Amino acid sequence: MKNKFVHPYIPNSVPEVKAKMLEEIGVSSIEELYSDIPERLRFRDRMKLPEALPSELALKQHMHAILSRNKNVHEYDSFLGGGVANHFVPAICDEINGRSEFLTAYAGEPYEDHGRFQALFEYQSLMGELLDFEVVNVPTYDWAQAASTSIRMAQRITQKDEILVSELIGPDRRSAIENYCKKAMKITPVRHDRTSGLIDLDDLRSKLNDNTAGIYFENPSYVGVIEHRGEEISQFVHKAGGLSIVGVDPISLGILKPPAQYGADIACGDIQTLGNHLHYGGCLGGFIATRDEEKFVMEYPSRLFGITKTEMEGEWGFDDVAYNRTSFGVREKGKEFVGTANALYAITSAVYLSLMGPDGMSEIGRHLIQKSLYAKKKLEALAGTELKFSSASFKEFVVDFSNTGKRVKDINAALLNRKIFGGIDLSQSFPWMGNCALFCFTEMNTQAQIDRLVSTLEEILA
Amino acid sequence: MESLNKKYKRLRNFHQAKWDEEIIFQLHNPGEKGLIVNRVETQIEHMTGDGISEIPESMLREQKPGLPEIGQMRVLKHFLRLSQQNLGADFNIDVGQGTCTIKYNPKINECFVRDPRESDVHPMQDESTCQGTLQMLYEMHEFFKEISGLDRFSFQPSSGSHAILNMASILRKYHEDHVDGHQRDELITTIFSHPSDAAAAKVLGFKIITLHQEENGLPSVEALKRVVSERTAGLFITNPEDTGIYNPDIDEFTAIVHEAGGLCGYDQANANGILGITRAKEAGFDMCFFNLHKTFSGPHGSGGPAAGVLGVTKKLQDYLAVPVVDKREDGTYFLNFDLAHSIGKTRQFYGPIPVIVRAYAWIRSLGVEGLEEVARIAVLNNNYLLSKITKIRGASSPYSAGKHRIEQVRYSWDRLYKETGVGTHDVALRMADFGFHMWSSHHPFIVPEPFTIEPTESYSKEELDEYIEGLQRISDEAYATPEIVKRAPHHSVVHRVDHSVSDDPEKWAITWRAYLRKHRDRLVEEDVQIEG
């Protein structure tokens, strides 16, 4: 048996070991173990892949060469948001996120994996406090999936098939919702006032009908506007027999009212902002939260970990709540589907909320409002620029460059030359807004950065 | 158990960490701080005041959220203790979670995803500043073309189940665009394919037809022929299925479905035993997906992050979710949103990047020969276990006796249960006493008292022998002293949990606040401290 090479990841490549194992099995070669695969299905060619880099150092050198082609939000001043944002990640979030025990575990029982059950139960509980709801799921993929599922939950709960969707939700989410819901439901857009950015209540009322399963809107909206008439909106929808579903950036909730307190029946959103890194938009986690009512709980597709006792007095135990609503329990007879999603990020967010506490969440909320308000005043004062919407905003707002004679695309290119990531160009995703950009300000942006943004824009627009 | 301890030399005298750790809310001590938020600069403070006067009053939170207040070190300690009460694959001979391909997650790959040049890149940055990540996505696309034989890949799917949703979305759109006078709304799958093959397709409106196994453990060509019709939209199937038996008629399956006017999606969530051996293309599939957190070494994160890269043939390449990654003639990479028939976006932004980066590094480390060796050794290890486990009293491997399996086997403790009253759940709990995990099966339990073992390529022969000895010992115990097994675990974190509340809306508690509302009396009675 010839063996050219033993890779560090594959211990049993050692020829003597292979031989012993083959002997135990009673075959003379590994090839024999593939005898059930007919020759016509065998791939006898060789995959064309680049040469292996089995040396860890060589791999590291290769990867560093690739990574050095990226620029990040530390090398450049970033004013990008739009669903994920550059927030501070406390050291302990990184520490726990990287722990082998959590990082490499999967689907153990609530015995040998008691830790992840408790950590995820605590995640649910901490989010429950932030959201003022008693039920929170083990997160799904992202906000887009959380919103899509929230809408389908509303359909099942109300037994109605039309969902009203605010036109100022994230464009990615709009597309994902469309794909997920369109055949099963009618999706009707709800207009926002072009000046205030608030939901057009007349338009909303005109669209409510007997078949309304609910409304889905985001607050703050994708473009940062704070909708202060949530109570009224929820009441209108409730009167029509529908549910109020609100998407929310959870980092706002130390200072802004959680959806549950203005009539929402379902809240959803993304946990990236709670202690998780950006990863080019690849580190998301979608939460869904509701009241603790059987008719709501039984419509979740997600795992829901519950706290219980064990046979030993004084011991906490954990368990799946109502497992037989899930597709793990009953395949296609379950509610939608469930599988591996983003537990590690939920554990990380649990750490974040535990560190922040009530004061920390309140202070970060205030900080974000102050930062963006400062930037708002400065940007508004620039010659030619205008704020697109008159309403209060959270950490993001839209700047209208229509009167500057310059396209956002060109402005951003000029900013990039000065090592600034300018606001998101909205001209493709929201054509009706015209030549606008969505700017985001977080605790990571210093006053000096904001001042430099403003002075650089001044030069570019001059 | 002295004599048994001597007999089973490989087994450890194990005890898992047990900290008896509080629920985090019980650590609350008013005034303690875990973290201080930085203040805005004085000038900003002067200019904006407290900021909140700008916010409409109806939107101001009246009471701060009821989060606990805990000093920083205590928060750290709490979560470290919880981590010690969790048995990650880095500690464990984690062959007991069959179908999930728990393998070594190389530590070097963690350095790459924790490098700020990867972790701190915003998705809306100009593409010229993300060329490194885009390059990896593009190269991965090229790698998967080779691995599968299909033509174009999307990184949108956030998991295997989500890849199935993407396949079902493409299936639906394709039939909408190619109306042939039939209403194609039936999706065929098999009982030993993942539950999501059925469930995720159902979400999009497909009626599910599930083929069951014949005596040999495989779905039959005849059964498939009976269910295909002008209503057939497609087939989603795993191969090998959960049993680890390779379906040699797989190309006939795809031919039959194509003949009926349907499309075929290959669930290759787990492809660990067949890398470079057999591919989706040769088996006639139109679509296939791979779970990067399984075959391609992404750590499972206690239940995610995941990634399910989805590939299609040329015929379907414009149907994929956007964006895909392309390369310009000048060598730069870009996100291409311009696909004529795209199902749109199914995820925000561009994919679960950290999972993809780790998988990229893993493939680069191994190369072609390495990937082929992964498959070969995974199959060697699996058949070694098969040979050993079927010699254990009370254990068996239903279906196709004497046949080899690919990368996993669904075994049964049926005989053990009938002869001793010890079932697979009991064995699983007893395995925890030796530092092992053993999983049963997806539901429904077609195989009675099931357990599913998949050793992958990562574990040495000595480790496999240790795991086998655990199973052997528990079998011996079941016949000699079954109570030990039925009362297990004894050396794990906690004892058997009380399941009686979990289906009772009056008693279940999904958050601490719900627990306090429903069970406060009990806590008071038991004198349990609610806060620190």
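Helices (H or I, at least four residues) and strands (E, at least two) are DSSP runs, numbered from the N terminus. By that rule, chain A has 15 helices and 15 strands. This is a predicted model, in which local features need pLDDT of at least 70, side-chain atom pairs count only at pLDDT 80 or more, and totals for chains, interfaces and linings use all residues; side-chain values use heavy atoms, with hydrogens and water left out. Residues are numbered from 1 along each chain as its sequence is written, while chains are lettered from A and ligands numbered from 1 in the order in which they are written.

**Chain A as a whole**

- The C-alpha atoms of chain A fill a box of roughly 80 × 55 × 50 Å, taken along the principal axes.
- Chain A has 462 residues, and 69% of them are buried. Buried means under 20% relative accessible area, exposed means over 50%, and partly exposed lies in between (1.4 Å probe, protein chains only).
- Chain A exposes about 14,400 Å². Carbon and sulfur atoms supply 48% of that area. Accessible areas come from the Shrake-Rupley method with a 1.4 Å probe; for residues, only the protein chains shown count as cover.
- Take the contacts in chain A between residues at least 6 apart in sequence: 71% of them join residues at least 24 apart. Contact means heavy atoms within 4.5 Å.
- Chain A carries 50 positive and 63 negative side chains. Lys and Arg count as positive and Asp and Glu as negative; His and the chain ends are not counted.
- The centres of these two charge sets lie 7 Å apart. Each charge is placed at NZ of Lys, CZ of Arg, CG of Asp or CD of Glu.

**Domains**

- Chain A is assigned domain 1 (1-41), domain 2 (77-87 + 358-461) and domain 3 (91-352). Such bounds come from an automatic or database domain assignment.
- In chain A, the C-alpha centres of domain 1 and domain 3 are 48 Å apart.
- Chain B is split into domain 1 (113-364) and domain 2 (374-486).
- The centres of domain 1 of chain B and domain 2 of chain B are separated by 30 Å, taken over C-alpha atoms.
- Across that boundary, 24 residues of domain 1 of chain B are in contact with 20 residues of domain 2 of chain B.
- Domain 1 of chain B and domain 2 of chain B bury about 1,800 Å² between them, and carbon and sulfur atoms give 59% of it. Buried area is the accessible area (1.4 Å probe) that two parts lose on being put together, summed over both.
- Asp242(B), Asn270(B) and Asn272(B) supply 28% of what domain 1 of chain B buries against domain 2 of chain B, more than any other three residues.

**Where the chains meet**

- 226 residues of chain B are in contact with 203 residues of chain A.
- About 19,200 Å² is buried between chain B and chain A, with 61% of it from carbon and sulfur atoms.
- Met59(B), Arg61(B) and Ile510(B) supply 4% of the area that chain B buries against chain A, more than any other three residues.
- Leu41(A) sits in the loop between helix H2 (30-33) and helix H3 (56-67) of chain A. Leu41(A) is buried because its relative accessible area is 0%.
- Beyond residues up to four places away in sequence, Leu41(A) touches chain B residues including Tyr246(B), Pro248(B), Ile277(B) and Arg279(B).
- Asn179(A) lies in helix H8 (residues 171-181) of chain A. Its relative accessibility is 3%, so Asn179(A) counts as buried.
- Leaving aside neighbours within four places in sequence, Asn179(A) is in contact with Ser169(B), Arg172(B), Leu204(B), Ile343(B) and Thr346(B).

**Backbone exceptions**

- Most residues other than glycine have a negative phi, and most peptide bonds are trans.
- Asp132(A) is not a glycine, yet has a positive phi of about 60°. Asp132(A) is in the loop between helix H6 (114-131) and strand E2 (135-136) of chain A. At 26% relative accessible area, Asp132(A) is partly exposed.
- Ala322(A), also not a glycine, has a positive phi of about 50°. Ala322(A) is in the loop between strand E10 (316-320) and helix H12 (327-330) of chain A. Ala322(A) counts as buried, at 2% relative accessibility.
- The peptide bond from Asn219(A) to Pro220(A) is cis, with omega near 0°. Pro220(A) is in the loop between strand E5 (212-218) and helix H10 (230-239) of chain A.
- Ala488(B) and Pro489(B) are joined by a cis peptide bond, with omega about 5°.
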